[in-house]
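The structure is shown below.

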Amino acid sequence: AKAGFAGAPDSDWIEIHNPRNTPLDLAGYGLSDDPALPFKWVMPAAVVPAHGFLVVFASERATPVDPAGNLHAPFKLSADAGSVVLTAPGGVTASAILNYPPQREDLAYGLTRQGAERFLEPTPRQFNHATSYAGWLHEPVFSVERGYKDAPFTLTITTPDAGAQILTSTDGKAPYNAYTAPFSVTSSRSVRASTARADYKSPRIQTHTYIFVNDIITASYMNTSITQNSAYTTRLPARLPH
């Protein structure tokens, strides 16, 4: 999983579930991110209770147990794609997820209660009852970077995800308007955007704030004895951030 959870070390983690009615001692089991090297890490004594769970952190730590008692594997999980294999001491594969797809933070990847491999809302040390997804969506891309502006411009928002709908808002609320075409930005405003698609995890909302220099000069909170003074007409814009 690429997702963290409260009180845990800041690293990826692998969760092992024991479906048996008796405890399972994992001493001598192999845990690996490479199917060709199933015993890349030979696990120390670690008992998983009946129907219980064990979390192993993929942190590359040299020592297998930290002061809090957490287990650490000496390898990390690839965010691009990879595998996780648990092998019994006799060499039989006990469990495996092979060729998992590219990962992202804040989501886990594993088996649902129905046995399907899916992206999951993290539920460490619990059954995977949470919402699952076929995949995740990228953050929308703004054609104009946030910041100070001197002139109106046309804003285009795109997404690399086929079939995803772009949603926007300009009133500070979460995006709710369907984006259908580029639009003009002629005054200071914040534009928020996200994407949505059925069965896919939406990305974090992106907010781009555009501030027009002339809007600052004419704002009601500015001192008009300066902003309306002809002596400063050409000097004010140059002194404001760009």
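## Arg-118 and Asp-199

Arg-118 counts as buried because its relative accessibility is 19%, where buried means under 20% relative accessible area, exposed over 50% and partly exposed in between (1.4 Å probe, protein chains only). Its side chain meets that of Asp-199 in a salt bridge at 2.7 Å, N to O, the term denoting a side-chain nitrogen of Lys or Arg within 4 Å of a carboxyl oxygen of Asp or Glu. This pair links distant parts of the chain, 81 residues apart: Arg-118 lies in strand β11 (residues 117-120), and Asp-199 in the loop between β21 (189-196) and β22 (200-201). Strands (E, at least two residues) are DSSP runs numbered from the N terminus. Asp-199 is partly exposed, at 40%.

The model is predicted: local features need pLDDT of at least 70 and side-chain atom pairs pLDDT 80 or more, while totals for chains, interfaces and linings use all residues. Residues are numbered from 1 along each chain as its sequence is written, and side-chain values use heavy atoms, leaving out hydrogens and water.

## Further salt bridges

By this rule there are four salt bridges. One of them joins Lys-201 to Glu-121, with the closest N and O atoms 2.7 Å apart. Lys-201 is in strand β22 and Glu-121 in the loop between β11 and β12 (132-133), 80 residues apart.

Another pairs Lys-76 with Glu-60 at 3.9 Å, N to O. Lys-76 is partly exposed at 47%, as is Glu-60 at 49%.

Terms used:
Helix = DSSP H or I, 4+ residues; strand = E, 2+ residues; numbered from the N terminus.
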